[in-house]
Structure formats: C-alpha cells, structure tokens
Amino acid sequence: MAAVLYPISAHWVQGEGWLLNLGFVDFAGSGTIHVFGGTTALVATLILKHRRDRDGRIDTVHPHYSPLYIGLGSIILTVTLTAFAAANEYGGEAEAYNRALIVVNSFIAGAFGGLTAFAINYLRREVTSLIVLARGFIAGIVAVAASVETVRPWAAGLIGFFAGFTYLLVAVLV
C-alpha cells in the first residue's frame with residue numbers, strides 16, 4: 001500500500017505537484033508523511049473494526065507499556081527527527097542560522113507540548129506521568145515539523161502548546 005499510494009501523495013507537494021504550484025510549503029515532506037500515515041491508520045481501523053474474542057464479544061485491549069521504554073523511545077525519536085530536519089540541504093549565508101532555528105524550534109515546540117500535557121494532566125488528575133510528558137513532547141515536535149524552518153520560536157511554542165492540549169483532548173475522547 002505504501003509503495004503505491006504514498007508516492008502519489010508525495011508527488012503532489014514535490015517536483016511539479018499541483019499543491020506545490022499553489023504555494024503549499026512542506027518542509028522535508030513531513031506534512032505528506034503525517035497526513036498519509038494518519039489517514040491510512042484511520043481507514044485501517046474503520047475497515048478492521050473492533051477486536052473480538054472467540055465468543056464474538058469485543059475484546060478490551062489492556063494498556064501494555066513501560067514508562068522507561070516510552071521515555072527512551074521519545075528521546076531517540078526526538079534526536080532523530082531533529083537531526084533529520086536539520087540535515088536538510090541549504091545554501092548561502094543563512095545555512096547555519098536555518099539549521100540552528102530548526103533545532104531550537106523543534107525543542108521549543110516539544111517542550112511546550114510536553115509541559116502543557118503534563119500540567120493539564122496533573123491539574124485534572126493530581127498525578128504526574130512520564131508517559132503523558134513524553135507523548136506531549138512528541139506531539140509538539142510532530143506538530144511543528146512541517147513549518148519548523150519558517151516559524152519564529154514564540155510561534156513554535158504556541159504550536160507546541162496547542163499540540164499538547166490536542167493530544168490530551170484526543171486521549172480523553174478515545
């Protein structure tokens with residue numbers, strides 16, 4: 001599926017794609033990747049429906065995670081996403097500034113996303129959670145990824161804030 005459908009959507013924003021011709025800016029293809037992945041996951045869950053046991057009843061899936069592995073995975077994902085974005089090719093005098101701006105904006109958005117999710121979760125439940133902090137951090141980095149080279153640091157913080165809030169809102173609704 002990814003070998004057939006993803007290149008079509010990626011071509012829309014790269015090369016001579018119609019979205020690119022309309023002025024759509026997608027830094028390092030992150031908008032294409034996240035929208036394609038999210039849409040694919042949504043369609044797959046709608047097709048597969050609920051998980052059922054042998055008797056045909058809906059099987060509840062109990063959470064299985066380790067805070068240590070979630071924290072470690074978040075750190076690895078943060079470093080790799082930031083390195084990938086900062087390694088994008090530039091030219092001219094602005095190269096060092098743009099690479100530094102990408103790293104700063106990534107970490108600011110992640111910090112605001114993580115702290116927002118952490119603070120709201122603490123105010124709501126009166127418990128601290130490394131898992132909420134890590135997921136809010138990743139939500140902030142993913143939210144700012146498409147515009148990380150063009151926004152100012154204060155805007156990256158605002159994007160991260162809304163990403164952390166949105167993560168918690170979706171977590172409550174689901």
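Ser 106 touches Thr 82, Ile 141, Val 144 and Val 148, when residues up to four places away in sequence are not counted; a contact here means heavy atoms within 4.5 Å. The structure is a predicted model, in which local features need pLDDT of at least 70 and side-chain atom pairs count only at pLDDT 80 or more, while totals for chains, interfaces and linings use all residues. Residues are numbered from 1 along each chain as its sequence is written, and side-chain values use heavy atoms, with hydrogens and water left out.

Helices (H or I, at least four residues) and strands (E, at least two) are DSSP runs, numbered from the N terminus. With a relative accessible area of 5%, Ser 106 is buried; the word buried stands for under 20% relative accessible area, exposed for over 50%, and partly exposed for values in between, using a 1.4 Å probe and protein chains only. The side chain of Ser 106 also reaches the backbone oxygen of Ile 102, at 2.8 Å.

The view can now widen to the whole chain. The protein chain holds 7 helices and 0 strands, and its pattern along the sequence reads α-α-α-α-α-α-α. Its C-alpha trace spans about 65 × 40 × 25 Å along the principal axes. Of its 174 residues, 31% count as buried. Among contacts with a separation of 6 or more, 62% come from residues 24 or more positions apart.

The buried residues of α3 are Ser 30, Gly 31, Thr 32, Phe 36 and Thr 40, and they pack against α1 (2-13). Thr 32, for example, has 8% relative accessibility and counts as buried. Leaving aside neighbours within four places in sequence, Thr 32 is in contact with Tyr 6, Ser 9, Ala 10, Val 13 and Asp 26.

Ala 146 is found in the loop between α6 (130-144) and α7 (153-173), and at 28% relative accessibility it counts as partly exposed. Apart from neighbours within four places in sequence, Ala 146 is in contact with Asp 26, Phe 27, Ser 30 and Gly 31.

Two residues draw attention through their backbone angles. Most residues other than glycine have a negative phi. Lys 49, which follows α3, has a positive phi near 65 degrees. Glu 126, a residue other than glycine, likewise has a positive phi, near 60 degrees. Glu 126 lies in the loop between α5 and α6 and is exposed, with a relative accessible area of 64%.

Definitions and conventions: A polar contact is a pair of N or O atoms within 3.5 Å; within protein, one must be able to donate a hydrogen and the other to accept it, and residues adjacent in sequence count only if both atoms are side-chain atoms.
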